[in-house]
Amino acid sequence: MANLSNRNRSSYRDRIREQREENLARLEREAKRSNKAAKLFMLLLLVGWFVLTHIKRADAADGKIIDKINVKFTQNYGDGGETLEPTITTSTGNISIEDISYAKEPDKWKPGNRVLVTINFSAASGYYFGAVWNREAVTLNDAEFSHCGRIDDGEMLQLKVYYVPCAVLGDTASAGWDYKFKKAVWKEVDYAPGYEVKLYKNDEEVGTKKVRTTTVDFSDKIEDYTKDKFYYEVRAIPMTSDEKKYLKEGNWITSEDDVVNSHTGLPGVTPIGYNTTTDQGTIAKYGGSNTSTTGWYNPGGTWFYFDTYGRVATGWQYIGDLWYYFDNQGKMLTGFLTDTDGSVYYLDPISGHMKTGWVYINGSWYYFNSSGRMQTGYLYDGGKVYYLNEYGQMVAEQ
C-alpha cells in the first residue's frame with residue numbers, strides 16, 4: 001500500500017509539471033506573436049513617415065508646394081471724405097488672386113473703422129498650397145491678419161484680414177465769425193478729429209492753433225473796434241499718430257466776413273436786435289416792460305439768456321463751457337432738437353445744456369458725438385460695435 005501511495009503522488013506531480021510547461025510554452029508563443037505585430041506596426045509607421053516626408057521634399061524641390069505668401073494693401077484716396085477700396089496685390093509666384101469680398105460695402109465704410117476682407121487665391125497648374133497656414137506664413141502690408149487656410153483640397157487658399165479704410169479730410173462748407181467778430185467759427189467736417197487755424201492781420205500771419213473744436217477765440221489778438229483787417233485760414237487735420245495712418249489733412253479754406261452760428265457754422269444767425277457796427281442792441285420786452293437783465297433770466301418759469309449789452313440770445317449759444325439752444329423768441333429749449341440742417345440733438349430736460357456721448361432716454365440708449373449730433377447705423381466705440389436704428393436707439397452690440 002505504501003508503494004501504491006508513492007506512485008500516485010509521483011504521478012500527480014508529473015501532471016502538474018506537464019501542465020506548467022504547457023502554460024509556459026503557450027505564453028511564449030503568444031508573446032512571440034504580439035512582438036511580431038508590434039514590429040509590423042512600427043514598420044508600417046516608419047514606411048508611412050518615409051513616404052510622406054520624401055514625397056513632400058521631392059515636390060518642394062520641384063517647386064510644387066506653396067507654404068508662404070506675401071500680400072500688399074495700397075491705400076487709395078478720393079475726394080474729401082471719400083473712402084475707396086484698396087489695391088490688393090501679391091508678390092508670391094505661381095499664385096493669383098481669384099476673388100476679394102468685404103464684410104461691409106465700401107460706400108458704408110468710415111475712415112478708421114476696420115473692415116474684414118476675404119481674399120481667395122488659386123495656385124498655378126502643378127502647384128498646390130501646403131497644409132499649415134498661420135500668422136508666420138503670411139506677410140502683410142497695411143492689413144492685420146485674421147485667419148488663413150486651404151480650401152478645395154489645397155488648390156485654393158482663403159485669407160481673412162482686417163483693413164482700415166483711409167480718406168482725405170474734406171473742406172469746411174462755411175468759415176466766419178461770431179457776432180463779436182473775435183471768435184473764429186466754421187462748419188464741422190465729416191470724420192475730422194481736429195483743425196489747424198492760422199490768423200492773419202493785414203495779410204501777415206500772427207497766430208496758429210490746433211484744436212478739436214470748431215471755434216477758436218482770438219480775443220487776445222483782435223482789439224475792439226480795430227481798423228486792421230483780420231481773417232483766418234482753417235483746414236481739417238488728423239491730430240494723433242494713429243489718426244495720421246488713415247487720414248490726410250484737407251485744404252486750407254479762407255474765412256468770410258459772415259457772422260455765423262457758433263455751433264453749426266452756418267451763416268445768418270445774428271442775435272435779435274444786434275447791430276454789427278455798434279454795441280447797441282434791442283432790449284427785450286416781457287409783460288409790457290423793458291428789461292436790462294444780463295445773464296440768465298427766468299420770468300414765469302421759462303429761461304432766457306442776455307449778454308453784457310442786454311441782448312437776448314437766440315439759436316446755439318456757448319455759455320459756461322456748455323451749449324444751449326434758444327428759439328427765435330429767446331426761450332431756452334429742452335429735449336430732442338432737430339436743427340436746420342437735419343441734425344438731431346438732445347438738450348438736458350432740466351438744465352437745457354446739450355448732451356454728448358451715451359445718453360439713456362425713455363428706456364433706450366442713444367449716442368451723441370462730440371458735436372452733439374445723434375448717431376445712427378453702425379458705431380465703433382470703446383472696442384465694441386453697436387447698431388443704432390433710424391431713430392438713434394441702440395438695438396444691438398457685439
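Panel A. Buried denotes under 20% relative accessible area, exposed over 50%, and partly exposed the range in between (1.4 Å probe, protein chains only). The model is predicted: local features require pLDDT of at least 70 and side-chain atom pairs count only at pLDDT 80 or more, whereas totals for chains, interfaces and linings use all residues. Residues are numbered from 1 along each chain as its sequence is written, and side-chain values use heavy atoms, with hydrogens and water left out. Helices (H or I, at least four residues) and strands (E, at least two) are DSSP runs numbered from the N terminus. Arg373 is buried, at 16% relative accessibility. Both residues belong to a salt-bridge network that also includes Lys187 and Asp341.

**Panel B. Ser371 approaches Glu188 through a polar contact between side chains.** The distance is 3.2 Å. A polar contact is a pair of N or O atoms within 3.5 Å; within protein, one must be able to donate a hydrogen and the other to accept it, and residues adjacent in sequence count only if both atoms are side-chain atoms. Ser371 is located in the loop that joins strand 28 (364–368) to strand 29 (377–381). Its relative accessible area of 17% places Ser371 among the buried residues.

**Panel C. Lys201 and Asp228 form a salt bridge.** Side chains of opposite charge can pair when their charged atoms come close. Here the closest N and O atoms are 3.7 Å apart. Lys201 lies in strand 13 and Asp228 in the loop between strand 15 (215–217) and strand 16 (230–237), so the pair ties together parts that are 27 residues apart in sequence. Lys201 is partly exposed at 26% relative accessibility, and Asp228 is partly exposed at 31%.

**Panel D. The side chains of Lys355 and Asp348 also meet in a salt bridge.** The N to O distance is 3.8 Å. Lys355 is partly exposed, with a relative accessible area of 24%, whereas Asp348 is buried at 13%. In total, the structure holds nine salt bridges.

**Panel E. The largest nonpolar core comprises 45 residues.** Such a core is a set of buried Ala, Val, Leu, Ile, Met, Phe, Trp, Tyr and Cys residues joined through side-chain atoms within 4.5 Å. Ile69, Phe121, Leu159, Trp186 and Tyr232 have the most contacts inside the core. Strand 5 (residues 115–123) contributes five residues, the largest share. Apart from this core lies another, of seven residues, including Trp323, Tyr325, Tyr345 and Leu347.

**Panel F. Trp133 is buried in a loop, with a relative accessible area of 10%.** The loop lies between strand 6 (128–129) and strand 7 (138–141). The side chain of Trp133 reaches the backbone oxygen of Gly130 at 2.8 Å. Trp133 and Asp67 are 66 residues apart in sequence, yet their C-alpha atoms are 7.3 Å apart in space. Beyond its neighbours within four places in sequence, Trp133 is in contact (heavy atoms within 4.5 Å) with residues including Ile66, Asp67, Lys68, Ile69, Cys148 and Leu157.

**Panel G. Thr83 is buried, at 13% relative accessibility.** Thr83 occupies the loop between strand 2 (69–74) and strand 3 (87–90). Residues up to four places away in sequence aside, Thr83 touches Pro106, Trp109, Pro111, Pro165, Cys166 and Ala167.

**Panel H. Phe41, Met42 and Leu45 form a nonpolar patch on the surface.** Patches are made of residues with over 30% relative accessible area and no salt bridge, like charges being joined within 9 Å and nonpolar side chains (Val, Leu, Ile, Met, Phe, Trp, Tyr) within 5 Å. Together the three residues have about 310 Å² of accessible area, computed by the Shrake-Rupley method with a 1.4 Å probe; for residues, only the protein chains shown count as cover. Met42 lies in helix 1 (residues 2–61) and is partly exposed, with a relative accessible area of 45%. The protein chain contains one helix and 31 strands.

Definitions and conventions: Salt bridge = Lys/Arg side-chain N within 4 Å of Asp/Glu carboxyl O.
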